Amino acid sequence: MHLPGAPRINPSILAADFVNMQRDLAKIATADFAHVDVMDNHFVPNLTFGLQMVERVQATSPVPLDVHLMITDPDRWAPGYAELGAASVTFHLEAASDPIALARRLRDIGARAGVALKPGTPAESLYDVLDEFDQILVMTVEPGFGGQGFMPETMPKLRSLADEARRRGSQVWLQVDGGISDSTIEFAAAAGADTFVAGSAVYGADDVEAAVMRLRDRARAASLEP
């Protein structure tokens with residue numbers, strides 16, 4: 001159960017064993033969400049899950065789904081993921097033709113609406129529309145593959161978003177995805193992130209539940225530091 005104000009840990013099932021997906025989903029029952037990376041081999045050079053697979057994960061997962069769409073034409077496809085019951089659906093700003101209209105559509109269906117930014121995409125265009133989104137995902141690697149190294153040069157962008165959200169009184173969640181580990185999660189938490197996607201740091205651990213707890217504790221400690 002998520003405690004108010006506690007960091008959210010969303011393990012990425014991209015790092016799970018696809019042959020034993022139900023078993024690996026059960027291992028993250030103490031996490032906040034299961035992060036599902038949908039890639040189409042067009043927007044990013046990799047191919048993962050589609051609607052049918054995500055629907056099966058939705059039926060099996062002990063925690064809500066946090067779907068991250070790394071696809072072209074999310075204006076067309078994103079609502080389908082909300083309709084199948086995903087708690088949160090995030091699309092890329094770089095791929096959407098009308099991000100505000102899409103976010104409103106996702107909310108109308110009943111999902112949290114998220115928008116993601118590649119490392120090279122500036123955040124300033126979101127300042128005036130923060131409240132149109134429930135979550136902003138700052139990619140801390142180039143999207144497309146798991147297991148990449150954390151990019152510390154993305155932290156100023158995260159910090160500027162956190163400062164702007166605070167200035168405007170926005171309740172938007174700030175998520176990071178890419179290279180999040182026991183050490184890097186502290187940098188992201190200190191820069192203002194409150195929601196963390198972790199793949200190999202969770203599924204590569206001998207004790208998955210302990211890894212989730214440790215990441216949450218490290219993020220909490222870093223966020224409290226002056």
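Me: Which residue in β8 does valine 176 stand opposite?
Reply: In this predicted model, strand β7 covers residues 173-177 and strand β8 covers residues 195-198. The two strands pair in the parallel sense over three bridges. In β8, the residue opposite valine 176 is phenylalanine 196.

Me: Which strands are the edge strands of the open sheet?
Reply: Eight strands form this open sheet, with parallel pairing, in the order β1-β8-β7-β6-β5-β4-β3-β2. An edge strand here pairs on one side only. The edge strands are β1 (8-11) and β2.

Me: Which residue in β5 stands opposite valine 89?
Reply: β4 and β5 run parallel and are joined by five bridges. Across from valine 89, the residue in β5 is alanine 113.

Me: How many of the six residues of strand β5 are buried?
Reply: A residue counts as buried under 20% relative accessible area. Strand β5 spans residues 112-117 and is largely enclosed by the rest of the structure, because its buried residues number five of the six.

Me: Are α3 and α4 roughly parallel or roughly antiparallel to each other?
Reply: Two packed helices are described by the angle between their axes and the distance between the axes. Helix α3 (residues 74-83) and helix α4 (residues 99-109) pack at about 15°, with axes 9 Å apart. Angles under 35 degrees count as roughly parallel. Therefore α3 and α4 are roughly parallel.

Me: How many charged residues does the contact of α3 with α4 have?
Reply: From α3, the contact is made by Pro74, Asp75, Ala78, Pro79, Ala82 and Glu83. From α4 come Leu102, Arg105, Leu106 and Ile109. By class, the contact has seven nonpolar residues and no polar ones, and the charged residues number three.

Me: Which elements do the buried residues of α3 pack against?
Reply: The buried residues of α3 are Pro74, Ala78, Pro79, Gly80, Tyr81 and Ala82. The helix lies across β2, β3 and β4. The elements its buried residues pack against are β2 (34-39), α2 (51-60), β3 (65-70), β4 (88-92) and α4.

Me: Which glycine follows α3?
Reply: α3 covers residues 74-83. The glycine after the helix has a positive phi, near 110°. This residue is glycine 85.

Terms used
Residues are numbered from 1 along each chain as its sequence is written. This is a predicted model: local features need pLDDT of at least 70, side-chain atom pairs count only at pLDDT 80 or more; totals for chains, interfaces and linings use all residues. Side-chain values use heavy atoms; hydrogens and water are left out. Axes are lines fitted to C-alpha atoms, for helices over the stretch in contact, and angles run from 0 to 180 degrees between N-to-C directions. Helices (H or I, at least four residues) and strands (E, at least two) are DSSP runs, numbered from the N terminus. Angles under 35 degrees count as roughly parallel, over 145 as roughly antiparallel, 65 to 115 as roughly perpendicular and the rest as oblique. Contact means heavy atoms within 4.5 Å. Ala, Val, Leu, Ile, Met, Phe, Trp, Tyr, Cys and Pro count as nonpolar, Asp, Glu, Lys and Arg as charged, and the others, Gly among them, as polar. Buried means under 20% relative accessible area, exposed over 50%, partly exposed in between (1.4 Å probe, protein chains only). Two strands pair if DSSP finds at least two bridges between them.
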